[in-house]
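Welcome to this tour. Please open your viewer and have the selection tool ready.

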Amino acid sequence: MSTFDYVEIPPDVIRLQSSIASNPVRPFTKISTSLPCSPTPAAAAAAASTTFSPTKSLSTLLLNTSFPASIPTSASPHKSSTALLSTRDPLSIPITTVNFRRFVARVGPVFWLQDRVEEVLMWRCGWKYTGVWIAIYAFLCYFPRMVLLVPHAILAAIILSTYPTPSPSESITTKNPPAPVAPPPSEGSVDWQANLQAIQNLMGAFCDGYDIISPLTPHLVHRSTHTSLILTLTLLSFLFLLPVLPLIPLRLLFFVLGIFPFIWTHPVTQTRIIPLLKAAVNGSIVKGANASATLTGVTSYKCASLKIKLRRWIDDDRLDDKHWGAEMREVELWENERWAPGPSLSSSFGTQDDLDAVGSEFNVGDGSGSALLGAGAGTWSKSNLRPTDRAPWTRARDGWSGVGGEVSNLTFSLAPGWAFVETEGWRPDALGSWVSASASSSNSCSASGSCDPIFGADDNGWVYTNDVWADPRRIPLECWKTLGMTRRRRWVRRVYFDPALENA
C-alpha cells in the first residue's frame, strides 16, 4: 500500500482498496513538494508601503493585462556580459513594473529637451527666438571646426545657469552647503503624471510616423514592381555623384539641408504655400484657355484667395518709395454684360492671363469684353445691354452711377491730391467677395438636382445673375439661356495721396 510522507491519516478511518483484482496493492510514485518561497524583505516592505490609488495602480494594471499567459524566460537566470541589451533580462512582470516606474520618474529631462527643440523648430516662440538658432547654425556651417567646441559650450552653459546667486541679506563670506540634487518625482505627483502623459503622446506620434513610413517599405524589400526601378536609379545616381563629389560645396549643402526644416515648418509655408502646392498637384488651379472646369467649393475659394494674395505681394514689391510713405486706398469699377443667344463671337478678353497681360493700359475698345459660355451658344457683350439696364461701366454696385471721363482707359477723375498707383493696373476681384450672403441664401438647386456653388466668382471674376440682375451665382443655370441672364465683374485699383498734387 502506498504511503504519504506529508499526510497524517487519522486512526479511525478505513483505507479503500483498489478495484483491480490482479494487483490489489500497487505502489505509487513518491511525490515531494517544497514549501512556498517567502518574499524578500525589500519586496515585502514595498508591498506594505504601497497604497491603492488610480494613478499608482495604472502601471501595474497595464502591465498585468499586456503579458500572455505563458511567458518565455531564458535558460539561465544570471546576466550575461555578452548578451544584447534587449535580451539582457528575461521577460518578467516584476522587472517590467519596476523599470517602468523608474523610467516614468526619470524621463522628465528628455521631454523637456523635446519641448525646447519643438519650440525652436515650429516657431512657437516667435521669429526672433528661432532666428537666433538659425544664425548659430549658419555660423557653424561656415566654421565647421567650431562644432568641436559645442560640448564645451553646452557644459559651460549648464554650469553657469545653475550658479547659486546669494541673496542681498546673506554675507559674501558666508559659505552655505550646496543644495542637494532634486530627487525624481514621486509616483502619483504632478510631474510624474506629466511624464506619463508625455510618454503616451510620444507613443502615439511614433505610431503615426510608422504608419506613414510603412506603406513605402514594400518598394524596398522586393514586394513591389517598382523595386528594380528604384535600385537602378540609386545605382545611376551613385555613379553620377562619384566624379561630382569634389565639386559639391559641403558648407552650402549642409546649410540648405539644415534650414529646410525651418522653412517647411514656418507658419506661412504651412498655411499658404503647402495648400497652394496641393491644389496645383490635384489640378485645382485653372489657367487660361486650357481650363476645362472652374474652381468649385471651398478649395477653389482658398486657391483664388491665395492667387490674389500672391498678386498683391508682387504689386507691393513694385511700389516706389513715394507709395510706401503715402496713404493708400482702393477704388472700384463694375463691369456689366448681358447674354445674347445666337452665333458666338470671339472674345476680346476671355481668360485671366489676357487680363493680367493688359495691365494698367486696359483698353475697353468697343466694349465687347466677352467670354464665351459655350461653342455656338451665344455671346456675352456690353452691346447686348437693354436701354433700361445699367450702364456698361459703373462706379457703384447699384449699376446706375456711370463712369465719366475717358472710358477707353478706365480712368476717371479722382479727388484733389489722389492719384492712381503707376506701377500696377486694374485687377479683377476673383473672389467675388462683394456678393451678399443674404442674397445667396435663397438660391435653390437647378433642375438637374445638383446645387451650383453660389458664393464667389468664376476664374475670371464674373458673378452671374438672372435676367433682372438678381440671384447671383458663380456658375449660371442652364435655364437662364432661354430666359435671359446677366453678369457683373468688380475691378479694383489702388490710389495714393500726394500733397504736391493737391497744391497743384
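Throughout the tour, buried means under 20% relative accessible area, exposed means over 50%, and partly exposed is in between (1.4 Å probe, protein chains only). This is a predicted model, in which local features need pLDDT of at least 70, side-chain atom pairs count only at pLDDT 80 or more, and totals for chains, interfaces and linings use all residues. Residues are numbered from 1 along each chain as its sequence is written, and side-chain values use heavy atoms, with hydrogens and water left out.

**Stop 1: salt bridges**

Select Arg116 and Glu119, which form a salt bridge whose closest N and O atoms are 2.9 Å apart. A salt bridge here is a side-chain nitrogen of Lys or Arg within 4 Å of a carboxyl oxygen of Asp or Glu. Both residues sit in helix α4 (residues 108–121), three residues apart, about one turn of the helix. Helices (H or I, at least four residues) and strands (E, at least two) are DSSP runs, numbered from the N terminus. An α-helix has 3.6 residues a turn, so residues three or four places apart point the same way. Arg116 counts as partly exposed at 25% relative accessibility, and Glu119 counts as partly exposed at 23%.

Next, pick Arg312 and Glu330, a salt bridge with its closest N and O atoms 3.0 Å apart. Arg312 lies in helix α11 (residues 297–317) and Glu330 in strand β1, so this pair ties together parts that are 18 residues apart in sequence.

Now go to Glu422 and Lys322, where the closest N and O atoms of the salt bridge are 3.8 Å apart. Glu422 is in the loop between β4 (418–420) and β5 (427–428) while Lys322 is in helix α12 (residues 321–324), so the pair ties together parts that are 100 residues apart in sequence.

How many salt bridges does the structure hold? There are 21. For a network of them, select Glu335, Glu337, Lys382, Arg487 and Arg489 together.

**Stop 2: strands**

Show β1 (residues 328–341) and β2, which run antiparallel and are joined by four bridges; two strands pair if DSSP finds at least two bridges between them.

**Stop 3: aromatic rings**

Select Phe139, Tyr142 and Phe143, a cluster linked by ring pairs. Rings of Phe, Tyr and Trp (its six-membered ring) pair if their centres lie within 6.5 Å, with planes under 30 degrees apart counted as stacked, over 60 as edge-to-face and the rest as tilted. The structure holds seven aromatic pairs. The ring centres of Tyr142 and Phe143 are 4.8 Å apart with planes at 80°, so this pair is edge-to-face. Tyr142 is exposed at 52% relative accessibility, whereas Phe143 is partly exposed at 39%.

**Stop 4: helices and their cover**

Is Ala279 buried or exposed? Ala279 is buried, with a relative accessible area of 4%, and its place is in helix α10 (residues 267–281). The C-alpha atoms of Ala279 and Lys302 are separated by 9.4 Å, though the two are 23 residues apart along the chain.

In α7, the buried residues include Trp192 and Leu196. Finish at Phe240 in helix α8 (residues 227–244), which is exposed, with a relative accessible area of 58%.
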